[in-house]
Amino acid sequence: MAEQLVELNVTGMHCNNCAISVHKLLEKKGFHDILVDFASEEVKFSADNDAAVKDAIKGIEGLGYKVLDDAATHQERFYEKLENKLIFCALFTVPLLISMLLPWHFLSDPWAQFALCLPVFTVGCMHFGKSAWHSVKGGVPNMDVLIFIGSSSAFIYSLIGTLQHLGMRYQFYETCATIITLVLLGNLFEKRSVTQTTSAVKDLIRIQQVSANRIINAQIEVINAKEVRAGDTLQVNTGDKIPVDGDVLSGNASVNESMLTGESIPVEKGKYDKLIGGTIVEHGNITMMATKVGSNTVLAQIIELMKKAQSAKPPIQKTGDQVAAIFVPAVIIIAIVTFILTWLVGHAGLQHALMNAIAVLVISCPCAMGLATPTAVMVGLGRAAKNGILIKGGDTVEAVTRAKYIVFDKTGTLTTGKFRINNVKAEAGFDIESIRGTITAIEERSNHPIARSLVDGLRDLPQQKLILRSVTEEKGLGMRAGDVDGNHYFLGASKGNNQDALFNVSLYKNQVLMAQIEIDDEIKPEAAALISQLKSMGVKPVLLSGDRQSRCEKVAAALGIKEVHGEKLPSEKLTVIDIYKKKGQTIMVGDGINDAPALTQADVGVSMNDSSQVAIQSAKVILLNTDLFSLVKFLQISRHTLITIKQNLFWAFAYNIVAIPIAAFGFLNPMFGALAMAFSDVVVIGNSLRLKVKKIN
């Protein structure tokens with residue numbers, strides 16, 4: 001089969017350690033576009049055959065996790081729930097902690113402490129020990145190895161002291177129990193916090209879960225939106241969510257499309273207007289025909305793109321991944337060295353040496369490094385989506401922040417794309433009505449902005465109808481057509497010295513000039529302010545178009561763009577993009593079929609929502625809101641997302657660099673170490689969540 005995104009439901013992952021283990025395993029097996037979300041129990045990766053998927057499932061289950069066939073029917077057992085494990089352990093840990101503060105005789109008894117610690121240690125063995133064993137067996141040791149070694153060392157050391165009646169100096173049952181309980185608490189906080197970072201996709205999925213009023217034989221039948229089929233007639237009333245994509249058959253309504261465009265002002269819809277599933281009818285009643293259902297709807301495609309985007313890593317994440325890969329073995333070595341130096345060199349005693357080594361094990365936290373990038377990327381992508389900006393990959397975020405050039409197409413991007421015909425000049429031997437009919441017949445077959453404007457401009461004027469046998473569109477050149485009588489036509493950009501400079505479109509019949517057309521479009525009202533703001537952000541704007549150089553220079557002068565490249569074919573646009581890419585990171589913004597190669601070639605391609613489908617597929621970013629300022633918002637969100645990632649990584653590295661030596665030198669009790677480790681992840685996630693509400697400018 002062709003390469004596709006595989007989604008698995010995996011249960012048994014309780015924190016980011018588990019996610020890292022699964023991620024490393026899939027990387028070892030050669031998969032890419034990997035995303036492991038332990039909070040939602042989802043594992044995603046790209047695979048090109050069923051055998052590879054089966055091998056991945058076998059490997060994941062070899063790590064001790066369970067791949068579910070149907071997540072909806074899976075019920076987590078009572079004793080498997082993280083919350084219940086925490087409550088159970090806390091009930092036994094609290095008396096042990098009280099015994100440290102209040103030396104009651106019955107709680108101070110070694111066997112009483114053993115009895116209180118044993119249930120907690122058993123849960124720890126089942127929870128951390130199982131994960132630790134499978135991760136070591138799979139060659140991808142995770143942080144549970146550190147927790148298991150640390151808690152087991154304290155328990156075994158205390159048990160030996162109890163059996164040999166060595167006294168209270170050898171009793172560290174409370175250390176063992178507290179480490180396990182605090183790490184479980186940290187896991188719970190981590191799981192709940194990470195769930196919030198993935199809320200953007202979940203919000204979109206919830207939008208899909210609506211009912212629909214289907215009209216059958218003049219009767220209304222209420223069904224689930226998933227049951228709607230293309231061609232069904234639906235009734236949508238005030239306050240309803242439009243269930244699927246479609247066209248208005250009758251009625252009028254004000255529709256809130258903010259979930260797609262970020263624009264809260266309702267859009268008026270009437271007969272023949274297009275509707276998008278998930279948008280809300282704020283006022284009015286309409287009857288619609290379903291045109292796109294299931295995975296073909298705009299909303300479903302956005303959700304799919306969002307899921308794929310989360311699995312694309314920014315290059316900066318490689319730093320954290322490289323450190324995390326060697327982290328666990330390195331910490332175990334540091335703990336062993338700490339034990340040896342403290343006991344044999346420092347002569348501090350066996351008990352002190354063991355406590356220092358345990359403190360090193362439990363304070364270390366590779367989780368924070370693993371969470372630093374994906375949590376920030378998820379929140380950043382979610383905030384962008386809610387502002388009408390669809391980013392197809394987390395790696396795009398970092399590329400954008402280093403952008404030096406933004407290359408704009410002219411027509412439909414900086415200009416409105418709504419053209420008006422100023423003049424049609426008929427050549428000798430051709431009458432104006434046959435010229436109009438020929439132009440209309442050819443341009444009706446194209447979705448280019450100029451074509452649509454020509455058809456609209458000529459619709460109400462007298463014209464002689466023409467029946468065409470074939471029409472083909474040549475990127476960057478124009479349209480070729482043939483009629484039923486064998487005549488051949490070409491309609492495209494005027495190039496050559498014999499044409500009047502004012503006329504920019506020419507029509508040929510059998511290679512004879514039939515007419516010249518003068519058309520013009522308006523500059524978007526916000527374009528000048530946009531260019532000014534981009535300059536203030538240190539990004540240099542460039543104009544690249546297939547239109548005449550003189551017209552491009554006129555638009556560039558009005559907007560304040562210094563670098564202009566006009567009269568460029570699609571292949572020539574690629575050359576221009578390559579030149580700028582050699583100078584620095586380059587963003588291309590375009591909307592037509594002729595822009596598709598350049599959008600793909602640029603470091604980041606940005607397409608407008610009303611672009612051709614080819615342009616949308618070629619771009620890495622889609623601006624669902626036609627307001628150009630969403631481009632600035634995109635740059636700002638990307639920059640702040642990268643800042644958040646750097647802050648997270650700094651905290652993750654700094655925490656471990658500072659905490660491990662403190663523990664090694666004996667300045668930290670293992671219980672406080674476990675508490676610090678448990679909350680270091682929460683700090684990283686909390687900083688990422690700040691991006692949801694942070695003021696961005």
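Visitor: What do β5 and β6 form, and how many residues lie between them?

Guide: In this predicted model, β5 and β6 form a hairpin with two residues between them. Asn217 in the turn has a positive phi of about 55°.

Visitor: Why are β2 and β4 called edge strands?

Guide: Four strands form an open, antiparallel sheet in the order β2-β3-β1-β4. The strands β2 (32-37) and β4 (66-68) each pair on one side only. Strand β1 (residues 4-11) is joined to β4 by three bridges, and Asn9 has Leu68 as its bridge partner in β4.

Visitor: Why is the pair of Phe121 and Phe155 called stacked?

Guide: Ring planes under 30 degrees apart count as stacked. The planes of Phe121 and Phe155 stand at 10°, with the ring centres 4.1 Å apart, so the pair is stacked. Phe121 belongs to helix α5 (residues 110-137) and Phe155 to helix α6 (residues 143-163), 34 residues apart.

Visitor: How do you know whether Phe121 and Phe155 are buried or exposed?

Guide: Buried means under 20% relative accessible area. Phe121 has 13% relative accessibility and therefore counts as buried; Phe155, with 6%, is buried as well.

Visitor: What makes the pair of Phe339 and Trp343 tilted?

Guide: Stacked pairs have planes under 30 degrees apart and edge-to-face pairs over 60, and the rest count as tilted. For Phe339 and Trp343 the angle is 50°, with 5.5 Å from centre to centre, and the pair is tilted. These residues are four apart in helix α11 (residues 317-345), so about one helical turn separates them.

Visitor: Why is helix α12 described as largely enclosed?

Guide: Of the 14 residues of α12, 11 are buried, so the rest of the structure largely encloses this helix. Among the buried residues are Leu354, Met355, Asn356 and Ile358.

Visitor: Which residues have the most contacts inside the largest nonpolar core?

Guide: They are Val43, Phe45, Ile60 and Leu631, in a core of 121 residues. Helix α23 (residues 629-664) supplies the largest share of this core, 13 residues. Leu631 touches several residues, including Ile406, Phe408 and Leu530.

Methods: Residues numbered from 1 in each chain as written. Predicted model: local features only at pLDDT ≥ 70, side-chain atom pairs only at ≥ 80, totals over all residues. Heavy atoms only, no water. Pairing = 2+ DSSP bridges. Core = buried A, V, L, I, M, F, W, Y, C linked by side-chain atoms within 4.5 Å. Buried < 20%, exposed > 50% of the residue type's maximum accessible area, 1.4 Å probe, protein only. Contact = heavy atoms within 4.5 Å. Phe/Tyr/Trp six-rings, centres within 6.5 Å; stacked < 30°, edge-to-face > 60°. Lists of a residue's contacts leave out its neighbours within four places in sequence.
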